[in-house]
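Dear colleague,

Please find the structure below for your records.

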Amino acid sequence: MTSAGDGRPVSGFYKDMRKPEILLTAVNTKYIHSNLALNSLRQYASEYTDCIEIAEFTINQHRDEIVQEIYRKKPDLLAFSCYIWNITLIEECARILKLLLPDCLIWLGGPEVSFESEQFLKQNPFIDGIMQGEGEGTFRNLLKQWIGKTQEEGALKTDADLSGIPGIVWRGAKGEIHSGRALQPRDLVPMDDLPFVYADLAAFKNKIIYYESSRGCPFSCSYCLSSAEEGVRFRSLSRVLPELRFFLDAGVPQVKFVDRTFNCSHERTMKIWQYLAEHDNGITNFHFEIEANVLTEDEIELISTMRPGLIQMEIGVQTANPQTLRAVHRNPDITKIISRAGKIIAAQNIHVHLDLIAALPYEDYNSFRCSFNTVYTAQPDELQLGFLKMLKGTRIRREAAQYGIIYEPQAPYEVLSTHVLSYDELLRIRDVEEMLEVYYNSRQFITTVKALEKCFPDAFSMYDALARWYRQNGWMGISHSRLQRYELLRRFIAETLSAGEKSAEQGAEEQLRWDECLLMDLCLRENIKSRPDWAAPVQHDKVRAFYSQHREYQGHTHLEYFKYLRDNPVWMLFDYAKRNPLTGNAEVREIHDL
């Protein structure tokens, strides 16, 4: 399967002396992502690391490109990390690679194959086995059976007895499928025994750093895979704090905690956040997924004092419908969540990301509109509108018939309709989601969107109207430039908002007000080189006079006159050297000496 240094095929004596070649493979959604799981598997199997290589690809790469690169490595064991976003591509690659490398063992692991594993092997005869659930201990035990105690024993022992290894399903020599016993808590590797995989940061250059300080979740939301686990296991603070200090000392741009509910332990949460506040390097950002329902006042008080941008939070609200919450075994106090999230957002030093899920049980179109508006009132920095996925292993998947849920039979298993939500209505929500991404989550239209909200009964109605206008005019699904998005929003406003009984002069003045809102947003984002046709002419004499007196502002600022934006005309100076760490927008101050 490999060749000797002089190009001769490896066989006989040479084959017996070589080390097995094991390739752990990830197919990520983006280049900047890294796969924490595979790095943890490799380093936990420390006695075999010389045999193990990690290869990472993205879903944007062509299947043949991935196949060719893996084939050139000619591994003895090829293991893929499987998720809903990559399983189809992995199946295609594995099918071809088995034809090209018939002696190579192909194993899979990850959440997408940890459930219904026997059925998956029956449907995919080119797969040799599956590791279910947490993989560090399982992977190491497999290598002990295949390789032995030392690396020098040669190629993998494909006839090794795997029956004593829990958490696996594998194909026997005659194609028969075997199942080991399910993983039990006693089989899981203690959190403090898991390796810290980032000792060499060079391997993660230009990648997001993912960090895990706990596994499991205390809640039982029926749509989440964490509900299939029992309890929460923590990595001790004596390990966590020095590892966080390592990131801080290295000046890592961002660390994303993958803990399912980071703040489920108040004392632990306070100690970690206090440590970050005390050791802030002014650079590193830490991302947390939290449950706002258990967020305490002293936690809010602590984080409100942090440097803007030190931490950011993702909070899953999902729905404001009480009946829906009960159906998915989630019992938060929505009023409390919105109130606490609002307090964090009001401090203006933490980027807050709130989540909603469409197509949950009992959430019809009007109910979802209410949930959307309830969450929108908190004015998060980002509002993610997701769609229910019927993940393997979740309770909601088993209850699909009970709620009349029809979903895609292939990954990512997104819901198409429910007992109370039609596909037509779901498509309409999808269009709202696209407008939300463009005009709210981008933070590029803050001024205009806030003004526009006042012209509609509620926020959802505004995005729905904008989406229907886009759809009617054939603009939906097209990759528009940022300036084109401004032009389209301007057209939507002109065509949708009736001037009523206003005179032509009043209508013209109203249009100028909207144009200044759009210009404000444009200037907040960048020092524009190409001025839109609808923007008011520049008062060059005033601008030249200002910069002749304030040369320290030249090169990194922009001066703009606004006649209608405020109650009184005002000059504003946009400083692009000083940007808001949460929005990326320029710092703005009024100029009164012109």
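Predicted model: local features only at pLDDT ≥ 70, side-chain atom pairs only at ≥ 80, totals over all residues.

Residues are numbered from 1 along each chain as its sequence is written, and side-chain values use heavy atoms, with hydrogens and water left out.

Strands of a sheet pair through backbone hydrogen bonds, either parallel or antiparallel. Here, helices (H or I, at least four residues) and strands (E, at least two) are DSSP runs numbered from the N terminus, and two strands pair if DSSP finds at least two bridges between them.

An open sheet with mixed pairing consists of 7 strands, ordered β2-β1-β3-β4-β5-β6-β7. Strands β2 (52-58) and β7 (177-179) are at its edges; each has a single partner strand, so one side of each lacks a neighbour in the sheet. Within this sheet, β1 (residues 22-28) pairs with β3 (residues 77-81) in the parallel sense over 5 bridges, and Ile-22 has Leu-77 in β3 as its bridge partner.

Another open sheet has 3 strands in the order β18-β19-β20, paired antiparallel. Strand β19 (residues 570-579) is joined to β20 by 6 bridges, and Met-572 is opposite Glu-590 in β20. Helix α18 (residues 504-525) lies across β18, β19 and β20 at about 30° to β19 (angles run from 0 to 180 degrees between N-to-C directions, with axes fitted to C-alpha atoms, for helices over the stretch in contact; contact means heavy atoms within 4.5 Å).

Yours sincerely
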